[in-house]
Amino acid sequence: AEVPPCYAEIRDDITLVHKMQYPMYVVKVTDFLNNPGMPRSYHRLQKRGFLHEWTPGMFVTFISHQWLGHADPDPSGMQLAVLREGLQGLIDGSTRVEQNMLGTIYGVPPDWSDQKRQDLANGYLFLDAFSLPQVFGFGTGYPRQDLAN
């Protein structure tokens, strides 16, 4: 298929706005929810088979939070525990989705349908702390070649 001039590439009949320079890796929501002791590093998750390369059509939720440590974004696991609780609440309906201000002003009802709950439950997470290799120098225990890749 010919790529329109304002788009970068077409993959699997989906037109991407930007050309992908590197693959994006994500973790299944179910794996995240069912494994509270899940390793929190890209390299360990990759080794244990928890990382999946993104393909067009995957439902992905992007998560970002403030790092609480220099070498570990969440040393006590507190933020990931809150994330697990929030995701589970959205999926099972125990967390109420509030209307945003513009929607309220314009009379748009909140839209958190059963389909959205299902999409989230069957979807994937992108979290920079584990979806991207984190390099803090060569004292990380990973061989130099591993870090270069």
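Tutor: Happy to. Helices here are DSSP runs of H or I with at least four residues, strands are runs of E with at least two, and both are numbered from the N terminus. Keep in mind that this is a predicted model.

Student: Where is lysine 116, and is lysine 116 buried, exposed or partly exposed?

Tutor: Lysine 116 has its place in helix α5. Its relative accessible area is 32%. Buried would need under 20% and exposed over 50%, so lysine 116 is partly exposed.

Student: Which residues of α5 are buried, and why do they line one face of the helix?

Tutor: Helix α5 covers residues 114-121, and its buried residues are Arg117, Leu120 and Ala121. Looking down the axis of α5, these buried residues fall within an arc of 100 degrees, so they line one face of the helix.

Student: What covers the buried residues of α5?

Tutor: The cover includes both helices and a strand. Among the elements are β5 (60-63), α1 (29-34) and α3 (78-92).

Student: Which residues in the largest nonpolar core touch the most other members, and which element gives the most to this core?

Tutor: That core has 21 residues, and Val27, Phe32, Leu45 and Leu87 touch the most other members. At least two core residues come from each of β3 (25-28), α1, α2 (42-47), α3, α5, β6 (124-127) and α6 (128-131). The element that gives the most, with 4 residues, is α3.

Student: Now the surface: which residues make the nonpolar patch of about 620 Å², and where is valine 108?

Tutor: The patch is made by Met101, Leu102, Ile105, Tyr106 and Val108. Valine 108 counts as partly exposed, at 46% relative accessibility. As for its place, valine 108 sits in the loop between α4 (101-105) and α5.

Student: How many helices and strands does the protein have, and in what order do they run?

Tutor: There are 7 helices and 6 strands. Starting at the N terminus, the order is β-β-β-α-α-β-β-α-α-α-β-α-α.

Student: What share of the accessible surface belongs to carbon and sulfur atoms?

Tutor: Of the protein's 149 residues, 30% count as buried. The accessible surface comes to about 10100 Å², and the share belonging to carbon and sulfur atoms is 54%.

Methods
Residues are numbered from 1 along each chain as its sequence is written. This is a predicted model: local features need pLDDT of at least 70, side-chain atom pairs count only at pLDDT 80 or more; totals for chains, interfaces and linings use all residues. Side-chain values use heavy atoms; hydrogens and water are left out. Buried means under 20% relative accessible area, exposed over 50%, partly exposed in between (1.4 Å probe, protein chains only). The arc is that of the directions from the helix axis to the C-beta atoms. Contact means heavy atoms within 4.5 Å. A nonpolar core is a set of buried Ala, Val, Leu, Ile, Met, Phe, Trp, Tyr and Cys residues joined through side-chain atoms within 4.5 Å. Patches are made of residues with over 30% relative accessible area and no salt bridge: like charges are joined within 9 Å, nonpolar side chains (Val, Leu, Ile, Met, Phe, Trp, Tyr) within 5 Å. Accessible areas come from the Shrake-Rupley method with a 1.4 Å probe; for residues, only the protein chains shown count as cover. A salt bridge is a side-chain nitrogen of Lys or Arg within 4 Å of a carboxyl oxygen of Asp or Glu.
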